[in-house]
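User: Could you take a close look at the part of this model that surrounds the RNA, and then walk me outward through the rest of the fold?

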Amino acid sequence: MTYLDNIKKQLGLVLDCSPRSFVYPPTSDLGDLSLPMFEEAKKLGLSPIVLAQEKAKNIPSLPGFKEIKAVGPYLNFYLEPLNFISGAISDVTTAGQTFGNNDSGQAAGVMIEYSNGNTHKEIHIGHLRNVFYGDAVYKILAANGYDAIPVSYINDFGIHTAKTIWNWQNNPAYGKSTAPKGYLLGKCYSEAAQKIGDDPQAKEEVSLIMKEIENRQGAGYEFWKESRQWSINYFNEFYKELGIKFQDTFYESDFVDQGLKLKDDLLAQGILKLSEGAIIADLEEYNLGILPVIRSDGTALYPVADLALASAKFKKYQLKESIYIVDVRQSLYFSQLFKLVELLGYKEKMTHLSYDFLTTKNGMMASRTGNVITYKELLDEALSHTSKEVSKRHEDWSEEKIQQTARGLAISAMKFEMIKVSSDKVITFDMVDALRFEGFTSAYLQYTGARICSLLKKGEASETTTANLNELIEPKEFRLAMKLEQYGEAVLKSGLERDPSVVARYLFELAQDFNDYYHETNIIKAETETRKARLALVLSVKTVLENGFNLLGLTYLIEM
RNA sequence: GCGCCCGUAGUUCAGCGGAUAGAACACCAGCCUUCUAAGCUGGUUACGAGGGUUCGACUCCCCCCGGGCGUACCA
């Protein structure tokens, strides 16, 4: 338990209220902690102002507090800053990399499925929001004490694979190209989608290829096996580049057969039925409309494998909850899927954790229409921008060091742009905005981190262990310590709301407080005893920044 | 039509029942012989409209107006 949590607990005992009742006053002259009296006053039929005054009069003096007084309908607490600051530094130092974590998840098994790539398609920046959001949610749930299991589901069996293969076979140029195969497949797909359009002849040919794939025989199937692997290799490089790891990966092609059996069972049970040549789930009685499961040409739709996968997850892992991170546009689909899984007899909780989509100034992205910014294009643009900025500032650095730093900046920027706003907001992606370095950006956070490393290097970090923390008497030092103590609250809230932007905003505020302090106070240039103490505080800021960076997947740069 | 989401400074976003609605960008004015100026300081401007619930509403409810998405063989 942190110093701040303990203070709240003690106060809660004395005042007979929950530690969660305390709020932080808007300005420091109003105190450091506050208890609003509205609720209790209402219960007692008293004025909250009178009640606050009475409480202030009767409260026993407590260690760690400088003053307790009523201000209007609030009971305000002023803390002893020296005790608080050394408490905070001690909390951070003791917990280290685990500072901020909690066990509210009670080790419950929670599977988080995200990233869901389509083989034979290009990776575009719309996927990035999914991948980065999902990865951050996974790490945040783990920090909240869940047994979080990150998994990826790869759609390698849909009609899109047949479309790509159809186009590839009709254009020998693809086979001859020396460009990376995974990338070429993406190009080939978007061209295919545009060519096919409403052409019945082409649709017929694609349908034949799809049947070969489903029946696992013929030239179409053979080429599917080969090209599928190209895509999977391409994904693996992509994940490696971004530092993303899954505990398990599922492939649609492994679940289709099981799904078809499930479909037969569901048909027999009357949960599915024939309609207009297709097989559908009529979920009108649940207000969920109609879900087509098998096309009228006999080929499988998405739910076939999804049903099998859902049950496979529950059989393979002990899960309290199965989370699907998918774009909000599929909300109805997931409600339908979850209802079917429930009708199959599963009682586990299933959650569609949705986020709103990413669009561009030129309108919605879709690989089918070719209006996309690909991951590769974004990365290239970002790297070119960041390496220019780095080399401008460090003419003496080696090319390798410049590139490495530029990469850390570029990838972190991509991640941060996708998770810094809450998930219910549409992101209109703009390259210039995304690569900005000032303000609420990952570069600002990284800059703060690098600045801290520079201080620690100059001051010799070993000094911090023998520091006399009573030297920390500046109001801004107290403010920073308070911010550090609040990190755990950000992690908790972020986990409860499954919203990484809470952590993103917290880190930004911490960095702002630090930079403010840095500009106003001499750290290295302070006299020895003060310097040691200040460095101890700075080291704690670094630990918290690093912990937060880890949750969001940002790269901590020592220099930039 | 029905369902879901969003309307807060010029722009992008916080705040989601309580103390003067916060940031960032942009714009203007300052700060590098001093710990990384990718930084810091100061300044201007906002809750779509109307009802209701409440001691108190940007926050909850209703209705309206804008915008987006979904709504049987895309995923």
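Analyst: Let's start at the RNA. Ser34, Phe38, Gly439, Tyr447 and Ala450 come nearest to RNA strand B, out of the 73 residues around it; a residue is near a molecule or strand if its C-beta atom, placed from the backbone, lies within 6 Å of it. Before going on, a word on what you're looking at: this is a predicted model, where local features need pLDDT of at least 70 and side-chain atom pairs count only at pLDDT 80 or more, while totals for chains, interfaces and linings use all residues. Residues are numbered from 1 along each chain as its sequence is written, chains are lettered from A, and ligands are numbered from 1, in the order in which they are written.

Helices here are DSSP runs of H or I with at least four residues, strands are runs of E with at least two, and both are numbered from the N terminus. By type, the surface near RNA strand B has 35 nonpolar, 21 polar and 17 charged residues.

Now zoom out. Chain A has 21 helices and 14 strands, and its C-alpha atoms fill a box of roughly 85 × 70 × 40 Å along the principal axes. Of its 560 residues, 42% are buried, meaning that 20 or more other C-beta atoms lie within 10 Å of a residue's own, with C-beta atoms placed from the backbone. Among contacts between residues at least 6 apart in sequence, 75% join residues at least 24 apart; a contact needs C-beta atoms, placed from the backbone, within 7 Å.

On to the sheets. One is open, with three strands in the order S7-S8-S9 and antiparallel pairing, where pairing takes at least two DSSP bridges between two strands. Strands S7 (272-275) and S9 (290-294) are at its edges with a single partner strand each, so one side of each has no neighbour in the sheet. On average, neighbouring strands here are turned by 40° against each other, direction ignored. S7 is joined to S8 (residues 278-282) by four bridges, and Lys273 sits opposite Ile280 in S8. Helix H11 (residues 256-268) lies across S7, S8 and S9, at about 85° to S7; axes are lines fitted to C-alpha atoms, for helices over the stretch in contact, and angles run from 0 to 180 degrees between N-to-C directions.

Another open sheet runs S13-S12-S14, with mixed pairing. Three bridges join S12 (residues 358-360) to S14 in parallel, with Thr359 opposite Thr428.

Strand S5 (residues 147-154) is worth a look too: seven of its eight residues are buried, so it is largely enclosed by the rest of the structure. S5 pairs with strand S4 (residues 109-113) in the parallel sense over five bridges, and Asp147 in S5 is the bridge partner of Gly109.

Last, a helix pair. H5 (residues 125-143) and H21 (residues 528-552) pack at about 130°, with axes 7 Å apart. They are therefore oblique to each other. The contact involves Ala136, Lys139, Ile140 and Ala143 of H5 and Asn550, Leu551 and Leu552 of H21, which divide into five nonpolar, one polar and one charged. As for the label, under 35 degrees is roughly parallel, over 145 roughly antiparallel, 65 to 115 roughly perpendicular and the rest oblique.

Technical notes:
Ala, Val, Leu, Ile, Met, Phe, Trp, Tyr, Cys and Pro count as nonpolar, Asp, Glu, Lys and Arg as charged, and the others, Gly among them, as polar. Two residues are in contact if their C-beta atoms, placed from the backbone, lie within 7 Å. A residue is buried if 20 or more other C-beta atoms lie within 10 Å of its own, exposed if 12 or fewer, and partly exposed in between; C-beta atoms are placed from the backbone.
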